[in-house]
Amino acid sequence: MLLSDTEARLKDIVMATRQGDDASGAGAEFYWLLQKLLAKYLLHMAAEEEFTQAMLWNHYTDEELAGIQRKIIGNHPPEVMDLWFRFVIPSQTHGERTRLLSGYRNIVSGDVFDASLAEIKKVLTSEEFVRLRAEL
């Protein structure tokens with residue numbers, strides 16, 4: 001509900017702006033909704049990091065967790081994964097990138113993997129990408 005309300009307000013702003021109308025009221029409401037959405041998201045992430053992750057580590061082996069991760073990743077269309085990679089890959093260490101993408105390569109076709117690498121190349125420095133590509 002909060003996400004859809006935030007998206008709707010953003011659409012209202014875009015429409016009003018395109019029509020030359022005053023969007024300040026919708027802008028103020030969008031800002032407030034966005035703040036609430038961010039607050040909920042951060043609380044969700046804190047709970048995930050503090051509680052959920054600990055429970056997963058206590059109840060599953062690393063191999064089981066890797067299998068679950070492969071299933072989750074395998075169920076996402078390539079476009080979703082590429083969008084996710086755009087935000088996740090730059091924030092990871094080289095080792096994390098290599099492990100993630102090595103596993104991803106084993107799940108998807110070569111064409112899909114190559115397309116994902118083309119997107120990833122856009123968010124890394126040339127040195128980072130050359131190093132990553134060499135290890136993959």
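## Around Arg9

Setting aside neighbours within four places in sequence, Arg9 touches Ala26, Glu29, Phe30 and Leu33. Keep in mind that this is a predicted model. Arg9 sits in helix H1, which covers residues 2-18, and it counts as buried because its relative accessibility is 18%, with the cut-off for buried set at under 20%.

Arg9 also pairs up with Asp12 in a salt bridge, where the closest N and O atoms are 2.0 Å apart. The two are three residues apart in H1, so about one helical turn separates them. Asp12 is partly exposed, at 36% relative accessible area.

## Other salt bridges

The structure has five salt bridges in total. One of them joins Arg97 to Glu128, with 3.6 Å between the closest N and O atoms. Arg97 belongs to helix H5 and Glu128 to helix H7 (residues 126-135), so this pair ties together parts 31 residues apart in sequence. Arg97 is buried, at 4% relative accessible area, while Glu128 is partly exposed at 30%.

Within H7, Glu135 and Arg131 are four residues apart, about one helical turn. Their salt bridge has its closest N and O atoms 3.8 Å apart.

## H5 against H6

Helix H5 (residues 94-107) and helix H6 (residues 110-121) have axes that come within 9 Å and cross at roughly 150 degrees. That makes the two helices roughly antiparallel. On the H5 side, Leu101, Tyr104 and Arg105 meet H6 residues including Val112, Phe113 and Leu117.

## A nonpolar patch

Leu38, Tyr41 and Leu42 make a nonpolar surface patch of about 310 Å². Leu42 is part of helix H2, residues 24-59.

How values were computed
Residues are numbered from 1 along each chain as its sequence is written. This is a predicted model: local features need pLDDT of at least 70, side-chain atom pairs count only at pLDDT 80 or more; totals for chains, interfaces and linings use all residues. Side-chain values use heavy atoms; hydrogens and water are left out. Patches are made of residues with over 30% relative accessible area and no salt bridge: like charges are joined within 9 Å, nonpolar side chains (Val, Leu, Ile, Met, Phe, Trp, Tyr) within 5 Å. Accessible areas come from the Shrake-Rupley method with a 1.4 Å probe; for residues, only the protein chains shown count as cover. A salt bridge is a side-chain nitrogen of Lys or Arg within 4 Å of a carboxyl oxygen of Asp or Glu. Buried means under 20% relative accessible area, exposed over 50%, partly exposed in between (1.4 Å probe, protein chains only). Contact means heavy atoms within 4.5 Å. Axes are lines fitted to C-alpha atoms, for helices over the stretch in contact, and angles run from 0 to 180 degrees between N-to-C directions. Angles under 35 degrees count as roughly parallel, over 145 as roughly antiparallel, 65 to 115 as roughly perpendicular and the rest as oblique.
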